[in-house]
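Good morning, and thank you for the time.

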Amino acid sequence: MGEFVRLEVADGIGTIRLERPPVNALNTQVQEELRTAAQQASDDASVRAVVVHGAGRHFAAGADITEFTSVTYQEMVARTHALSGAFDAVARIPKPVVAAISGYALGGGCELALACDWRVIAEDAKLGQPEIKLGIIPGAGGTQRLARLIGPAKAKDLIFSGRMVDSAEALRIGLADRVVPAAEVYTAAVELVRQYTTGPALALRAAKQAVDGGLSVDLPSGLALESHLFAGLFATDDRLEGTTAFVEKRAPKFTGR
């Protein structure tokens, strides 16, 4: 358990909780603790789904800019892989992952949200990639994941301008998947993934790998990946239980094996 990031597990749901008041700024320590928590969530078989949640009023208001004022080009070249890798660790969690967003999700905070499978946001939330206003660009997946999620034209609008979007626009352009009152954000995120805690864990893992992996290759390669993952599931207990339960007209009892 880190100083600012911890993994809490209850009823099959792991909550990766950021708590660095007042705005959960993502300094180097938070990034490394986030990487560790994501790995723990990936490795813990009792965790069947994950919620990424910023404690307090804000999800995460970006990187700690005080670290950027004195860093040199040479130092940033050495650090940039670690910066991106912390969010990659969240994206690679082989389980359903949802971001529960209140307040600000800006810069690195927005990039963290983009690394999740879904985003549940508060009615008063603000999301954006304001790095251009600092004379830089998103450096931890923002230019890549945002364009894949909402399309290149809309992504360029947000990245070039650095403007923030409210919950209504975020929902309209596909940056948000569900908008709820601020007090209900975490509960709504938990309810979104609760259904997966009793699902076929290996099939869910394969489905996520097929979709995410297929987005980075051409269609024939994506189809080949899908076929490989599909065939592999015939070695699982859950495939036998699922197909047998269908034939026997009963609800399946998946074990995650």
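By class, which residues make up the lining of the largest pocket? There are 14 nonpolar, 3 polar and 10 charged residues; here Ala, Val, Leu, Ile, Met, Phe, Trp, Tyr, Cys and Pro count as nonpolar, Asp, Glu, Lys and Arg as charged, and the others, Gly among them, as polar.

Please note that this is a predicted model, in which local features need pLDDT of at least 70 and side-chain atom pairs count only at pLDDT 80 or more, while totals for chains, interfaces and linings use all residues. Residues are numbered from 1 along each chain as its sequence is written, and side-chain values use heavy atoms, without hydrogens and water.

The volume of the largest pocket is about 850 Å³. A pocket is an open set of points on a 1 Å grid over the protein atoms alone, where a 1.4 Å probe fits, with protein on both sides within 12 Å along at least five of seven lines; lining residues have an atom within 4 Å of a point. Of its 27 lining residues, Ala-91, Asp-117, Lys-208, Asp-212 and Leu-215 are the closest to the centre of the largest pocket. Helix 8 contributes the most to this lining, with 7 residues; helices are DSSP runs of H or I with at least four residues, numbered from the N terminus. Domain 1 (5–195) and domain 2 (201–248) each supply at least three residues to the lining of the largest pocket, with bounds from an automatic or database domain assignment.

The second largest pocket holds about 490 Å³ of space. Its lining has 15 nonpolar, 7 polar and 2 charged residues, and helix 2 gives the most to it, with 4 residues.

Conventions. Points joined across faces, edges and corners; volume = space filled by probe spheres on them. Helix = DSSP H or I, 4+ residues; strand = E, 2+ residues; numbered from the N terminus.
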